[in-house]
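Here is a short briefing to read alongside the model. Take a moment with the chains first, then follow the points below.

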Amino acid sequence: MTQHTDEVPAAVERAFSAVDLATPVDQIIGRGRRLRGRRRKLASGLVAVAAAAALAVPLSHAAAGGGQPTSAQASTAPAPGVQVDLAAWSVHTNANGTVSITVRQMHDPADLRKTLAKAGIPAVVAVDHLGTPSTCVSHGGQVPKDLPKGIIAAVNRGTAGAPGVTIRPAAIPKGDTVYFIVAMNGTRPSYVLIMIFKGTPPTCSS
Amino acid sequence: VDQTTGDFADFYRQYRAGCFRAVYATVGDKLLAEELVSEGFARAWASWRKVCRHPAPQAWVVRTALNLHVSWWRRYRREVALNDRDFPGGLDAGAVVDGDTAVFAALRALPVRQREVVALRILLDLDVDTTADTLGIAPGTVKAHLHRAIATLRTRLATFPEKRTAV
């Protein structure tokens, strides 16, 4: 520190010389970690909002294509619990009955379909490659139903931006099937698209 | 202890007293200054990758603490009154007080900007340019504020001659 030769700065320095901050560094770092965590949470929330916005366009497209009214006879059977974490994807049944799905890779749609069925989601899982002609959205002439209210509880993003969605199985009308389309950008899933069909939806190919 | 934590801990050890003194001298309330500086350091930790590249991270901490003080003051100004936690002000000229109390009282009588300049230049030992950057004013203005502040402090401290002999 500069040694002040002028008596006034020296007096000011001396007056404060015994003043020191007693807060332990661990306490500071603990608070800093909480602040950092809160900021990351906020950032991931913003990503989720962005993902929801990305999802809203295909969903509204699906809803616009379906002219049929919803027969909202929601299933009341409790969904079986599933907790699966693979390198490619995760499916978790939450305490409130919703099911969170995160897709990091998509090599075996049939395996994901089986796991979704165990979680109480009757689904067809399809892969759509962005930038190539697709039958997923035109769905082979079959018309998707309006998406029942509350079927999508949340739109999530996993680590490294892996797309995900939380579905409320209880909101799926009986006899209907979820069309779970994983939109691939190259080798990475970009977003997931959810449609509802009466019966079994057509197989998607691209 | 990872590298980041070690770097931050070293920084904290080196500058915690200076930052605390600078903020205390500006806001005049020891407990409040402690809260503000602790929060300033915590925010520095939360943004350490950015803050550690700052030319004067200690100035960043003090600026953050003073910004927090502005927010705090705006929120609580209706409820807050100066109390015995604040360093003394309004001493009568000629009163017999010890040197430290006289300095605190004299500082308190300065305009806020001059107090900030004294805090950063003298207590945090920042150079003129860094002080100017931290306060968002011109270097010439820093020099002028410091000159006036020292002149005022000298006059004010001269009114407490009996116990100022140690100065």
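A polar contact here is a pair of N or O atoms within 3.5 Å; within protein, one must be able to donate a hydrogen and the other to accept it, and residues adjacent in sequence count only if both atoms are side-chain atoms. By that rule, 12 residue pairs are in polar contact between chain A and chain B, both residues being at pLDDT 80 or more. This is a predicted model, in which local features need pLDDT of at least 70 and side-chain atom pairs count only at pLDDT 80 or more, while totals for chains, interfaces and linings use all residues. Residues are numbered from 1 along each chain as its sequence is written, chains are lettered from A and ligands numbered from 1 in the order in which they are written, and side-chain values use heavy atoms, with hydrogens and water left out.

**Where the chains meet**

- Helices (H or I, at least four residues) and strands (E, at least two) are DSSP runs, numbered from the N terminus.
- On the side of chain A that touches chain B, helix H1 (7–15) and helix H2 (25–65) of chain A each supply at least two residues.
- H2(A) gives the most to that side, with nine residues.
- Sorted by class, the side of chain A that touches chain B has 14 nonpolar, five polar and nine charged residues; Ala, Val, Leu, Ile, Met, Phe, Trp, Tyr, Cys and Pro count as nonpolar, Asp, Glu, Lys and Arg as charged, and the others, Gly among them, as polar.
- Contact (heavy atoms within 4.5 Å) involves 28 residues from chain A and 36 residues from chain B.
- The two chains bury about 3,100 Å² between them, 64% of it on carbon and sulfur atoms; buried area is the accessible area (1.4 Å probe) that two parts lose on being put together, summed over both.
- A:Phe16, A:Val19 and A:Leu21 supply 22% of the area that chain A buries against chain B, more than any other three residues.

**Salt bridges**

- A salt bridge is a side-chain nitrogen of Lys or Arg within 4 Å of a carboxyl oxygen of Asp or Glu, and two of them cross the interface of chain A and chain B.
- One joins B:Arg16 to A:Asp20, with the closest N and O atoms 3.3 Å apart.

**The five-stranded sheet of chain A**

- This open sheet has the order S1-S2-S3-S6-S5 with antiparallel pairing, where two strands pair if DSSP finds at least two bridges between them.
- Strand S1 (83–85) and strand S5 (152–157) are the edge strands, each pairing on one side only.
- Five bridges link S2 (residues 89–93) and S3 (residues 99–103) of chain A in the antiparallel sense, and A:Val91 has A:Ile101 in S3(A) as its bridge partner.
- Helix H3 (residues 109–118) of chain A packs on the sheet, touching S1, S2 and S3, and its direction makes about 5° with that of S2(A); axes are lines fitted to C-alpha atoms, for helices over the stretch in contact, and angles run from 0 to 180 degrees between N-to-C directions.

**The three-stranded sheet of chain A**

- A second open sheet has the order S4-S7-S8 with mixed pairing.
- S4 (123–129) and S8 (188–198) of chain A each have a single partner strand, so one side of each is left without a neighbour in the sheet.
- Strand S7 (residues 176–185) of chain A runs antiparallel to S8(A), joined by 10 bridges.
- H3(A) packs on this sheet too, touching S4 and S7 of chain A, with its direction at about 145° to that of S4(A).
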